[in-house]
Amino acid sequence: MKSWKLSLRQTPHQRIDARVIGLQAFAKMTIDQVRHARLSAGHKSVELAEYFNVEDLTSEQPTIMVEGDLSRFDHLASGHHGGRFEVQGNVGHDLASGMAGGEVIVHGDAGDRVGGPVDHGRVGMSGGKVVITGDAGRRAGIRMRRGDLWINGDVMPGVGAWMIAGTIVIGGRTVATGDDGGRVGFGMRRGTIVCGELSAIDRRRFTTPVPMWTAVIGPMLRSVEPWKPHCPRVAKRFARLSESLDCLRGDLADGGMGEIWIPPKD
């Protein structure tokens, strides 16, 4: 499979639906076809080359490298299911929506609904790993089914809402508001969320925190080792988990099979 490097030439005035930018979509295209691929911009479409310089890339695995502030570009890495999608800069909303495998790494901040469903679907990412080195917006990991979502910085309300399975680790602060989906793990059925704030959880929907030990901490520590330079705060969370952790089970209104892990305070 081919690899590509896209460098942002100019920042758009409107939001861009960039779901066409993907390894699987580009797999059978020539470089000229990639340059002429169409991006949705409101009620019209524009050529990819209007905003990006496109180059072939030499890499050890199938890769798309994108450089620039992509805060106005939504749906990047949508449906990604193999290889590496890497962004040097911030990204817009719906990063990795419907992702099924591979790796997505953002060296910056991400918008709302990281790893959520595609458009109005009911299932979010179902495999692979997403790493955000900065902050993430509202409802990160909404309806996530499988895979890993690591956020090195802060997250806005609604993380893990209606989560079905998978693992979310938050290295920074967890912002939570109200009790209508703004709390951590609202409506989660299974899966694990690792965060630092007990106050961010709706305690009426989760059990009392109890000390827990699990053998999976060792493999988790080993898995984060190669990623330490990108997400040191996530690595620190894992390290503190190896000392001790408190576990809350919930959401009790949706079966109560999910777990929120709280490591010791620094």
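Ser-7 touches Tyr-51, Phe-52, Asn-53, Glu-55 and Glu-67, leaving out residues up to four places away in sequence; a touch, or contact, means heavy atoms within 4.5 Å. Before going on, a word on the ground rules: this is a predicted model, where local features need pLDDT of at least 70, side-chain atom pairs count only at pLDDT 80 or more, and totals for chains, interfaces and linings use all residues. Residues are numbered from 1 along each chain as its sequence is written, and side-chain values use heavy atoms, with hydrogens and water left out.

Back to Ser-7, then. You'll find Ser-7 in strand E1, residues 4-8 (helices, H or I, of at least four residues and strands, E, of at least two are DSSP runs, numbered from the N terminus). With a relative accessible area of 16%, Ser-7 is buried. Buried here means under 20% relative accessible area, exposed over 50%, and partly exposed in between, using a 1.4 Å probe and protein chains only.

Val-46 counts as buried at 6% relative accessibility. Its C-alpha atom is 8.6 Å from that of His-36, ten residues away along the chain.

Now for the rings. The whole structure has six aromatic pairs. For a pair, rings of Phe, Tyr and Trp (its six-membered ring) need centres within 6.5 Å; planes under 30 degrees apart count as stacked, over 60 as edge-to-face, and the rest as tilted. One of these pairs joins Tyr-51 and Phe-73, edge-to-face, at 6.0 Å centre to centre with 85° between the planes. Tyr-51 sits in the loop between strand E4 (44-47) and strand E5 (52-56), and Phe-73 in strand E7 (residues 73-74), so this pair ties together parts that are 22 residues apart in sequence. Both partners are tucked away: Tyr-51 is buried at 5% relative accessible area, and Phe-73 is buried at 1%.

Trp-162 and Phe-186 make another edge-to-face pair, 5.7 Å centre to centre and 85° between the planes. Here Trp-162 is in the loop between strand E11 (146-151) and strand E12 (167-170), while Phe-186 is in the loop between E12 and strand E13 (192-194), so parts 24 residues apart in sequence are tied together. Trp-162 is partly exposed, at 26% relative accessibility, whereas Phe-186 is buried at 13%. Returning to Tyr-51, ring pairs also link Tyr-51, Phe-52 and Phe-73 into a cluster.

The charged end of Lys-129 sits over the ring of Trp-150, 3.6 Å from the ring's centre. To count as sitting over a ring, NZ of Lys or CZ of Arg has to be within 6 Å of the ring centre and within 35 degrees of the ring normal.

Let's step back to the domains. The protein chain is divided into domain 1 (1-61) and domain 2 (75-262), with bounds that come from an automatic or database domain assignment. Taken over C-alpha atoms, the centres of domain 1 and domain 2 are 28 Å apart. Where the domains meet, nine residues of domain 1 contact 16 residues of domain 2. About 900 Å² is buried between them, with carbon and sulfur atoms giving 52% of that area; buried area is the accessible area (1.4 Å probe) that two parts lose on being put together, summed over both. Arg-19, Gln-24 and Gln-61 supply 55% of what domain 1 buries against domain 2, more than any other three residues.

Next, have a look at Phe-85, in strand E8 (residues 81-88). Phe-85 is buried, with a relative accessible area of 0%. Apart from residues up to four places away in sequence, Phe-85 touches Ile-21, Gly-22, Ile-64, Val-66, Leu-76, Ala-77, His-80, Glu-103, Val-104 and Ile-105. The C-alpha atoms of Phe-85 and Cys-231, 146 residues apart along the chain, are separated by 17 Å.

That brings us to the cysteines. The structure holds zero disulfides, a disulfide being a pair of cysteine sulfur atoms within 2.5 Å. The sulfur of Cys-231 is 17 Å from the closest cysteine sulfur, in Cys-195, which is too far for a bond. Cys-231 counts as buried, at 0% relative accessibility, and Cys-195 is likewise buried at 0%.
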